[in-house]
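This report covers the cavities, the sheets and some local backbone features of one model. The sequence and structure come first.

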Amino acid sequence: MIILEDTKENIAKGADIIRKGGLVAFPTETVYGLGADAFNPSAVAGIFEAKQRPFFDPLIVHIADITDIERLTSGIDSRASRLIERFWPGPLTVVLPKKDTVPDIVTSGLDTVAVRMPRHETALSLIREAGTPIAAPSANRFSCLSPTTSRHVMEQLGNAVDMILDGGQCTVGIESTIIKITPAGIHLLRPGGIATEGIEECAGEKIITDKTEGKPEAPGQLDYHYSPVKPVIITDDPPLDDERGGFLFFRKPVSDYPAERTFILSEKGDLREAAANLFSHLHALDTLNISRIYAQNVPEHGLGLGIMDRLKKASMKFKNS
């Protein structure tokens, strides 16, 4: 598998692959996605096979035009419409009642479908050219680090993908925020690239953050996810003398940690910059000759909620093993 630049010609080739039931990895503003025709169950099954993803974990369907939502959902209430108008295109996924025409494999048998419109011209062009909504989880092996460059996709999926479109590094760097709107309120299913404070301001109500039990209603709800190969330990006081440790700091540390094993999400403490750097820094640490990764806590407000969600899930993988 080779990586192809996201030219108009290559996007057209990718769209043809999608129409013929193949898999295309493509950039979005959040992370790289692994896409297939959302209305082709066999093609969607290829996503699960390539990622080694369990079938009980539903997918997000990506659209390029607001009218495409009518092909997927049986209804949108006024709160959903207001949030869609404010945050689309962008890193907000809304879980909506699904139409029967949406294959059950996309939604893991649920009566809802997760939908978003990405804020990336390559993604939008691919969807428009393909002429169909594209089901696309992150283009990585299941539970592993999400890819923010085409090289990350190649390293994890290789020849399991028919095409990888290179659109540079993702600007947001963590997956979309996922919400579900019910008569009881707006439920946060996964924190991500849109701060919950902004959603609450737009909706005029508080988001419900209680964790739901049972079958996942959206991606990223399992106890562990987004994990590097090396164990992640969350601490604000990593041992300076650990010669087998790698270090991920939110801000520049006071002590002089080994430069070759130390990565800083944002020296000035900017949460947007930190989110954009999170997965790329974890990928880099994972390639080093170290035994563990120490990660500093990030303030849990704004995008920090999504960053800490990813770090906590990464740290749980080895606690559960």
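## Cavities

The largest cavity has a volume of about 200 Å³. A cavity here is a set of points on a 1 Å grid over the protein atoms alone where a 1.4 Å probe fits but cannot get out, and a volume is the space filled by probe spheres set on the points, which are joined across faces, edges and corners. The model is predicted, so local features need pLDDT of at least 70 and side-chain atom pairs count only at pLDDT 80 or more, while totals for chains, interfaces and linings use all residues. Residues are numbered from 1 along each chain as its sequence is written, and side-chain values use heavy atoms, with hydrogens and water left out. The lining of the largest cavity (residues with an atom within 4 Å of a point) consists of 20 residues, and those nearest its centre are Ile60, Ala136, Pro137, Ser138 and Glu175. By class, this lining of the largest cavity splits into 7 nonpolar, 8 polar and 5 charged residues. Nonpolar covers Ala, Val, Leu, Ile, Met, Phe, Trp, Tyr, Cys and Pro; charged covers Asp, Glu, Lys and Arg; the others, Gly among them, are polar.

The structure holds 2 cavities of 30 Å³ or more. Helices (H or I, at least four residues) and strands (E, at least two) are DSSP runs numbered from the N terminus. In the lining of the second largest cavity, 8 residues are nonpolar, 2 polar and 1 charged.

## The sheet of 11 strands

An open sheet of 11 strands has mixed pairing and the order S1-S8-S2-S3-S7-S4-S6-S5-S9-S10-S11. Its edge strands, S1 (3-5) and S11 (207-208), each pair on one side only. Two strands are taken to pair if DSSP finds at least two bridges between them. S1 and S8 are parallel and share 3 bridges, with Ile164 in S8 as the bridge partner of Ile3. S2 and S8 also run parallel, joined by 2 bridges, and Val24 stands opposite Met163 in S8.

S5 and S6 run antiparallel and are joined by 4 bridges; Pro97 has Thr112 in S6 as its bridge partner. Helix H1 (residues 8-19) lies across S1, S2 (24-26), S3 (33-37), S7 (134-135) and S8 (163-166), at about 145° to S8. Contact means heavy atoms within 4.5 Å. Axes are lines fitted to C-alpha atoms, for helices over the stretch in contact, and angles run from 0 to 180 degrees between N-to-C directions.

## The sheet of 4 strands

A further open sheet has 4 strands in the order S12-S15-S13-S14, with parallel pairing. S12 (232-234) and S14 stand at the edges, each with a single partner strand, so one side of each has no neighbour in the sheet. The twist from one strand to the next averages 20°. S13 and S14 run parallel and are joined by 3 bridges, and Phe247 has Thr262 in S14 as its bridge partner. Helix H8 (residues 271-286) packs on the sheet and touches S13, S14 and S15 (292-295), its direction making about 170° with that of S13.

The loop between S13 (245-249) and S14 (262-264) contains Glu260. Glu260 counts as exposed because its relative accessibility is 54%. Exposed means over 50% relative accessible area, buried under 20%, and partly exposed in between, with a 1.4 Å probe and protein chains only. Glu260 and Phe247 are 13 residues apart in sequence and 9.6 Å apart in space, C-alpha to C-alpha.

## Backbone exceptions

Most residues other than glycine have a negative phi, and most peptide bonds are trans. Gln52 has a positive phi of about 60° although it is not a glycine. Gln52 sits in the loop between H2 (41-51) and S4 (60-62) and is exposed, with a relative accessible area of 59%. Ser108, also not a glycine, has a positive phi of about 55°. Ser108 lies in the loop between H4 and S6 and, at 7% relative accessibility, counts as buried.

The peptide bond from Trp88 to Pro89 is cis, with omega near -5°. Pro89 belongs to the loop between H3 (78-87) and S5 (92-97).

Conventions:
1 Å grid on protein atoms, 1.4 Å probe; cavity = no way out; pocket = protein on both sides within 12 Å on 5 of 7 lines; lining within 4 Å.
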